[in-house]
Structure formats: structure tokens, C-alpha cells
Amino acid sequence: MPSLNWIGKEKIVNHDKEVPFRLLKKVEKYSLGKDSENLIIEGDNLEALKALIPYYVGQVKCIYIDPPYNTGNESWVYNDNVNAPKIKEWFKKEVKIDDLTRHDKWLCMMYPRLKLLRDLLRDDGVIFISIDDNEHCHLKIIMDEIFGSENFLANFMWKRKKEISNDSKNVSIQGEYVVSYSKTQGVSLALEELSEEYIKTSYSDPTKEFPLGKWRPVPLTVSKGLSGGGYTYKIKAPAGKIHERIWAYPENSFKNLLEQKRVYFGKDKNGIPQRVIYDFESKGKPTTNFWDNIATNKEGKKEIIDIFGDNLFDTPKPVELIKKMIKLSTDKDSLVLDSFAGSGTTADAVMQLNKEEEGSNRKFILIELEKEIAQKITSERVRIVSKNLNGHFSYEVLSDPLFNANGTITEEVSYNVFAQYIYFTETHTNLNTKEIANPKIGEHNESEYYLIYKKPKENLLDKSFLKNVKKSKIQKVVYADKNTLSDETLRAYGIIFKQIPYEVKVY
Ligand SMILES: C[S@@+](CC[C@H](N)C(=O)[O-])C[C@H]1O[C@@H](n2cnc3c(N)ncnc32)[C@H](O)[C@@H]1O
């Protein structure tokens with residue numbers, strides 16, 4: 001498969017693994033409601049995504065991101081703390097149109113973030129990425145690399161403005177893309193509701209041959225994307241012509257359709273057979289990859305003015321656009337993540353959908369780098385629209401890394417947070433904090449996990465620990481600062497001692 005190379009690639013392909021793990025800290029003052037599962041995180045998404053990993057790995061159903069498009073006018077800064085001299089030179093310089101390495105920098109910025117986003121997705125999760133011509137092709141190639149080309153869903157083309165205006169090459173750029181991938185193969189998007197308009201234009205009125213309602217023919221032949229399979233046999237049309245192709249159904253199923261009078265051979269009764277679908281039995285229609293009929297950027301700007309009374313944010317997306325993606329990819333209680341939050345349109349879309357669909361309780365996680373934006377626009381928007389939509393959120397900031405510069409555990413790490421982290425590094429699954437019963441953290445695949453931590457004096461694995469466990473072969477992994485039990489005792493109890501901090505894995 002073709003791959004893309006650029007300056008700095010080899011230094012950043014595994015950078016996601018080197019990013020220090022930081023803790024999230026709630027700021028009550030900026031939060032709304034108690035114990036909300038919705039999060040607005042202020043900080044760089046590279047570190048914020050990493051901080052989410054131990055708690056949300058494999059749990060996000062829909063990711064929408066709207067990163068800098070790298071137009072040369074946005075003045076975004078590349079300052080990820082990559083441990084390589086060449087890349088360090090790039091630090092804290094604005095990426096402008098005449099910067100010859102601007103594509104390299106953009107790719108270095110995106111690559112580790114996309115890897116973390118992929119880890120956070122559920123197996124049946126879907127990611128949508130807004131992008132324009134500046135980076136679309138580069139993005140497509142690195143997405144093929146990170147997500148796998150077999151998981152590509154579509155390049156949606158969104159008509160972002162209706163007006164015609166020419167650029168320097170006399171082209172009117174009215175569209176941009178939404179690139180979308182699933183985490184694994186076999187994931188499909190939801191069907192869209194059939195509108196009256198769609199039924200009017202796409203379905204024929206009842207006829208003598210198909211009298212049960214409005215109907216339309218759909219191909220019986222196998223379409224692209226089939227990897228093997230398909231059925232080859234001959235079908236004779238009523239007017240005599242023989243058709244032999246690869247059909248989507250086995251011969252028996254075809255005969256059933258024929259008996260039920262559900263096959264259309266065209267007006268001359270000699271055409272390639274097609275299956276007849278009535279509007280009342282159709283569950284919906286597939287989304288088109290051409291989104292030319294939904295709200296544009298203009299509506300996005302108007303929404304901001306309606307909320308704040310002022311044009312506070314330059315590039316907001318319209319709520320309808322993000323709602324469409326959420327509807328195509330989530331269930332009623334799914335988790336939606338946006339790590340380039342801007343004005344918080346994604347949270348607005350999630351809350352509006354929850355209000356519109358009875359019994360739905362989708363949750364959102366938003367990340368915004370700029371403090372000013374996060375406090376005064378992202379969370380303020382959510383606060384304002386929450387009045388009508390029963391919203392709530394917890395405002396979080398990133399605190400110190402779990403391990404400080406000497407490699408020891410930061411003082412402020414609570415027992416439960418550390419326990420979750422250890423459980424995650426051991427099992428790669430998340431732990432419900434309610435299951436933690438100090439010193440036992442939890443169980444997984446016939447192993448038990450323990451953490452001796454935050455003791456008044458020393459975190460010791462000693463005789464007193466044995467009260468908690470039975471002598472058995474079940475493996476017990478115990479994290480503590482020191483061990484005073486003999487090798488014999490450890491063996492008898494099936495205990496594996498792991499010393500803090502040296503044997504705590506860095507994710
Ligand atoms: C194009 S805007 C997103 C607009 C958003 N979709 C909306 O509808 O308002 C991109 C946002 O991502 C933020 N951003 C850029 N780099 C970031 C990073 N490394 N971490 C988190 N946010 C970042 C920018 O501050 C900006 O607000």
C-alpha cells in the first residue's frame with residue numbers, strides 16, 4: 001500500500017506513547033451541575049486524550065474533529081514536546097502560508113492525536129474529520145495508515161456556502177470534506193429517515209404490477225466492495241432474455257422474491273431484474289456522500305450571534321452538520337468526543353438531539369486548547385444553551401503528570417485514580433471505581449490486582465496483607481513500595497510483587 005513520508009515522521013509515529021500521563025482536575029467554578037458525565041477539558045488535546053485513555057479506552061462511539069485546515073491564515077502553532085532536536089527547532093513558530101514545512105508540521109501534529117483518538121473509539125465507533133483542500137489528501141493517506149484503508153467509510157462533500165465567489169484561479173470553492181472511518185470492518189452508518197420529498201421524487205406510484213403502495217426498484221446485482229461471495233446463475237426475463245451475472249442473493253431467495261411478485265424486469269419485461277421495495281417497508285435511505293442541502297457556515301455564524309449577541313468565534317460549524325454525523329453513527333446513550341472543540345457546536349448538537357429524541361442520553365467530551373476560548377466561548381455556549389436543553393458538564397483542566405521529573409508518583413494522585421491507572425496498564429480495560437475495595441483493585445482473566453498505596457507510613461507488602469487473600473494458585477499482582485514477605489510465602493499465595501514506581505508501566 002502506498003504510504004506518505006514527511007520531515008519528522010519517524011520521530012512522531014510513536015510519540016503518543018511518550019506523552020506523559022496527566023490527571024484531570026475538575027474546576028467547580030466553571031462546571032454546571034453535579035457529577036456530570038459530560039466533560040469540557042481545557043488543554044492541549046494531545047495530553048488531554050492521553051489523560052482520557054485509562055478511563056475511556058474503546059468507549060467512544062462517535063468522534064468529530066475540526067482541526068486547523070492549515071490554510072496559512074490561521075496562525076496555529078506546533079509545539080508538541082517531541083524529543084528530537086530537529087523538531088524542537090520548529091517550536092512555537094506560527095505556521096504561515098510561506099512556511100515550506102507547513103505540511104510536515106501539520107502531519108506531525110495530527111499523527112499522534114489520530115492514534116490516541118483511534119484507541120478511544122469503540123470497535124463499532126466512527127470518526128468524522130472536517131478538512132479542506134489544503135490537507136485533504138495527506139489526511140486520507142495517514143488515516144489509511146492509522147485506521148486501515150479497509151475501514152474507510154466515505155469522503156463526504158459538504159457544501160459550506162451557497163454564494164459563488166472566485167478565488168485567484170477562478171474557481172468558486174463552495175465545498176469541503178468530511179473524511180470518515182470506522183474503527184473495525186463491517187460497521188455501517190445508520191439509514192436516514194425517508195422524507196416526504198424523497199418519497200415523492202424517488203418512488204413510483206402504485207401500478208397494476210406493484211399495487212401495494214409507492215415502490216422503487218433496487219439492483220439485485222452485487223455492487224462494489226464485496227470481497228468474495230456472490231451467486232452466479234441464469235435468470236430468464238418474462239419477455240425471454242437470459243441474464244447471467246453475479247447476484248446478491250442465492251437462487252432460492254430469488255425464486256421467493258419472484259413468487260411474491262417483488263421483481264421488476266423493466267418496462268419491456270426484458271431488463272436486468274431488480275428487487276421491488278415499497279416505501280412502507282423501507283427502513284430509510286442511505287446517506288449520500290454529497291451533503292449539499294444542509295446548513296452552511298453562514299448558519300453556523302448566525303447561531304453564534306443568536307447565542308452571544310456577537311460574532312465571537314470565526315469558524316463555527318452549524319449544529320445541523322454535526323447533528324447529522326451524530327445521527328448517522330450513534331445510539332441513544334452513546335459517548336461523543338470532539339477534541340478541537342472551538343465554540344462547542346458538538347455539545348450543542350448532542351444536547352439538541354437528546355431533547356428531540358425521547359429517552360436519549362448521549363454524553364459529550366470536548367477538548368479546547370485556548371483557555372480564553374474554553375472558558376468564555378466553549379463552556380459559556382454550553383451554559384447558555386443548557387437553560388433550554390437541561391444540560392450540565394464538568395469543566396476539567398490538566399494537572400501534573402502522574403510521574404514527576406524524578407520518576408516518582410505525584411503526591412496528589414488519589415488512591416482510586418492510581419488504581420484505575422494500574423488496572424488499565426495491566427489489563428487494557430477500564431475499571432468501574434465502584435468495584436475498588438482497597439487494597440483490592442479488581443479482577444481480570446483469572447488474575448487479581450491489588451494496590452497498597454497512601455498508607456500513613458510506608459506502602460508495605462507484609463504479613464498484614466495476607467489477611468485479605470486466600471492461599472491459592474490464583475495470580476495476585478500486588479503493587480507496593482516494598483515487600484517483606486519471603487519468596488516462599490509469595491509463591492504459596494500466588495503473589496507477584498510489583499514495586500512502585502519502577503514497575504508501574506508508562507502507557
Ligand atoms: C476550527 S476550530 C473548531 C470549530 C468548531 N468545530 C466549532 O464548531 O466551533 C479549531 C479549534 O481547535 C482548537 N485547537 C487547536 N489546536 C488544538 C489542540 N492541540 N488541542 C485542543 N484544541 C486545539 C483551536 O483553538 C480552535 O478553537
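Author: Begin with handedness: a crossing is left-handed if the near helix is turned anticlockwise from the far one by less than a right angle, and right-handed if clockwise. Helices (H or I, at least four residues) and strands (E, at least two) are DSSP runs, numbered from the N terminus. The crossing of helix 5 and helix 6 is right-handed. Note that this is a predicted model: local features need pLDDT of at least 70, side-chain atom pairs count only at pLDDT 80 or more, and totals for chains, interfaces and linings use all residues. Residues are numbered from 1 along each chain as its sequence is written.

Reader: At what angle do helix 5 and helix 6 cross?

Author: Two packed helices are described by the angle between their axes and the distance between the axes. Axes are lines fitted to C-alpha atoms, for helices over the stretch in contact, and angles run from 0 to 180 degrees between N-to-C directions. The axes of helix 5 and helix 6 (residues 136-147) cross at roughly 35° and come within 10 Å.

Reader: Which residues of helix 5 and helix 6 meet?

Author: Two residues are in contact if their C-beta atoms, placed from the backbone, lie within 7 Å. Helix 5 brings His103, Leu107, Met110, Tyr111, Leu114, Lys115 and Arg118, and these meet His138, Ile142, Ile146 and Phe147 of helix 6. By class, the residues of this contact are seven nonpolar, two polar and two charged. Here Ala, Val, Leu, Ile, Met, Phe, Trp, Tyr, Cys and Pro count as nonpolar, Asp, Glu, Lys and Arg as charged, and the others, Gly among them, as polar.

Reader: Is Pro112 buried or exposed?

Author: A residue is buried if 20 or more other C-beta atoms lie within 10 Å of its own, exposed if 12 or fewer, and partly exposed in between, with C-beta atoms placed from the backbone. Pro112 lies in helix 5 and is buried, because 23 other C-beta atoms are within 10 Å. Leaving out residues up to four places away in sequence, Pro112 touches Ile12, His15, Asp16 and Leu46. For contrast, Lys463 is in the loop between strand 18 (460-461) and strand 19 (475-480). Lys463 has 10 C-beta neighbours inside 10 Å and so counts as exposed. Of the protein's 507 residues, 34% count as buried.

Reader: Which residues touch the most other members of the largest nonpolar core?

Author: In soluble globular proteins, nonpolar side chains tend to be buried together. A nonpolar core is a set of buried Ala, Val, Leu, Ile, Met, Phe, Trp, Tyr and Cys residues joined through C-beta atoms within 7 Å. The largest one has 73 residues, and Ile63 and Leu120 touch the most other members. Helix 5 (residues 102-120) gives the most to this core, ten residues. Another core, of 21 residues, lies apart from it and includes Phe418, Tyr479, Ala480 and Ile495.

Reader: Which residues come nearest to the ligand?

Author: A residue is near a molecule or strand if its C-beta atom, placed from the backbone, lies within 6 Å of it. Of the 17 residues around the ligand, Phe340, Gly342, Ser343, Thr345 and Leu369 come nearest. The shell has seven nonpolar, five polar and five charged residues.

Reader: How many helices and strands does the protein have?

Author: The secondary structure comes to 14 helices and 21 strands.
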